[in-house]
Structure formats: structure tokens, C-alpha cells
Amino acid sequence: MAEAEDIFLRAKQRTFTGLTEDEQKEWRGPFCFIQAADPQLGLMKTWREGDCDGGGDEWTDEVQLTQQAVEAVNKLSPRPKFMVLCGDLVHAMPSTQYREGQERDLKVALRGTDPSIPLVFVSGNHDLGNTPTPETVAQFCNAWGDDYFSFWVGGVLCLVLNSQLFFDASACPDLRDAQEAWLEGQLQRASQGPGVIPKHVLVFQHIPLYLKTPDEEDDYFNLQTATRQSLLGRFKRADAQSRASCRAVSPPGTSTAPPTTVRLSRG
């Protein structure tokens, strides 16, 4: 594997190279990070033309915007500890026309990120398909690293989740069950040990739990009620049982609800 590709494949074996518990378990005080979402190369022209389910043959605008974002991030002081992209990295669905070109050009743009700022990738519906399969999940992992994993930064535990497995895992129930078991183990360990109890727990995913209120109706842009309430309950229990605070973070948006803070939108 070329060295330049390593920055896109640091999430392996459910952890993240360079941001492990052994390296980052000590709380060192407040820090900043960058949360971005939906670079979605190929979307802008299809949106203008009203053909969001097709098209996608141009993505020059998206590349330029990504490059501008990278340049802005590189100038920040203090330096962000990491930058997380919360899904919909490209617009083309798996195994469709333009997918390979969009992923290639996104990686070219992201390679301009200062090497001291790790890039963390979250899977979205355009990355895996609205109904993911073992094949589409494998394709994502081969290009961007694991679809769910944990990493540590300055005493804070971060959990990256594959929210498509919450939304519709009908074509890959075994993958859903594996993530569920993994998540339960992570929350239990974060709240009760063994090992280091993190200062905070952050949860990153693409589909938000809710847009405005936890009891809102089901919508394309949120998780279904039963799934939403189950996850909220698990996060709140982990929060209550631990000295850590547990906060779920989706693409940037509008809502806050203690003890779990949820930032929201979905592409």
C-alpha cells in the first residue's frame, strides 16, 4: 500500500492508528476538533438539475469547496486534534458510475490536510447504500477504513458508528448484531471499566437520532422511533453510571437534549 493511502485507512481492527487508549488515555484538558459532513462529490449539479437520484457526472465545485475547507483547517490555532467527516463522502452509490472517480478526487483534496491532523471517516447512506450489504460495507472499509470503531484523544473516548445498520440492516443482520454487541461492550467498559474511565464519551454517526425532539415522528432524516429510543436509553444509562459524559454527534444541526447532546442533519 502506498504511504499516501495510509491516512485513509487508519481505522482498522476497531481502533485507530495513533489514537489508541494506550497513547491517549490521560485527560490533558480541553481541546478542539473539526466536525465536517457530506462533502458528497457529485451532488451539487444533480441538486441544481433536480435529479438527485441520478446524474453526478461533475464534481469540480465540491472539490474546490473541500480544498478551501482543508486550507482553513490547516490555518487554525490551536491545531485541531482530529477532523471527522460524518458520512456521505461522495454522492455516487456503491458500484455505480462515477463512484471511483469521486472517491479518487476526494482523496486528492483531503491529502492537503496537515499531517498532524488525523482524518476520521464515518459511513453514510451514500457510502454504503440505503440498505447496506456485506459487499458495500466491505467496499467502504477497503477505501476508508472500518465502518465502526473507537479512538481516544486526550482522555476522551470517541465511538464511530455505522448508522445505516440502525436504519436498515435487512440485507446484513449479522453485521448489525456484531456492531450492537461491540457498542454494548464499549459503553459498559467506558462506564464501569475495566481499564481507564474516559473523561467524556463522544459518539459520531451519520443519521441523527432526532431533528428537534426525541419523541418526534419518524422521518427520512432521523432514526426510527424504536431504534432512537433504544440508543438514547443506552447512552443515558452509560452517562448515569459513569464519571464520563456521553454525547452523540451527528452531522451539524440544531438540537440539544440532556444528558445526551445530538447535533443533527442528514444528506
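## Strands β4 and β5

In this predicted model, strand β4 (residues 83-86) pairs with β5 in the parallel sense over 4 bridges; pairing requires at least two DSSP bridges between two strands. Helices (H or I, at least four residues) and strands (E, at least two) are DSSP runs, numbered from the N terminus. Met 83 stands opposite Leu 119 in β5, and Val 84 stands opposite Val 120. Together with helix α4 (residues 99-110), β4 and β5 make a right-handed β-α-β unit. Right-handed here means that, with the strands pointing away from the viewer, the path from the first strand over the helix to the second runs clockwise.

Residues are numbered from 1 along each chain as its sequence is written. Local features need pLDDT of at least 70 and side-chain atom pairs count only at pLDDT 80 or more, while totals for chains, interfaces and linings use all residues; side-chain values use heavy atoms, leaving out hydrogens and water.

## The sheet

The order β3-β4-β5 describes an open sheet of 3 strands with parallel pairing. Its edge strands, β3 (34-36) and β5, each pair on one side only. Both faces of β5 are covered: Leu 119 and Phe 121 on one side, and Val 120 and Val 122 on the other, are all buried. Buried means under 20% relative accessible area, with exposed over 50% and partly exposed in between (1.4 Å probe, protein chains only).

## Aromatic pairs

The whole structure holds 13 aromatic pairs. Rings of Phe, Tyr and Trp (its six-membered ring) pair if their centres lie within 6.5 Å; planes under 30 degrees apart count as stacked, over 60 as edge-to-face and the rest as tilted. Phe 8 and Phe 121 form a tilted pair, 5.9 Å centre to centre with 40 degrees between the planes. Phe 8 lies in the segment before β1 (11-12) and Phe 121 in strand β5 (residues 119-122), so this pair ties together parts that are 113 residues apart in sequence. Both Phe 8 and Phe 121 are buried.

Ring pairs also link Phe 16, Phe 33, Phe 82, Phe 149, Phe 151 and Phe 204 into a cluster.

## Charges over rings

The charged end of Arg 14 sits over the ring of Tyr 148, 3.6 Å from its centre. The charged end of Lys 107 sits over the ring of Trp 144, 4.9 Å from its centre. The criterion is NZ of Lys or CZ of Arg within 6 Å of the ring centre and within 35 degrees of the ring normal.
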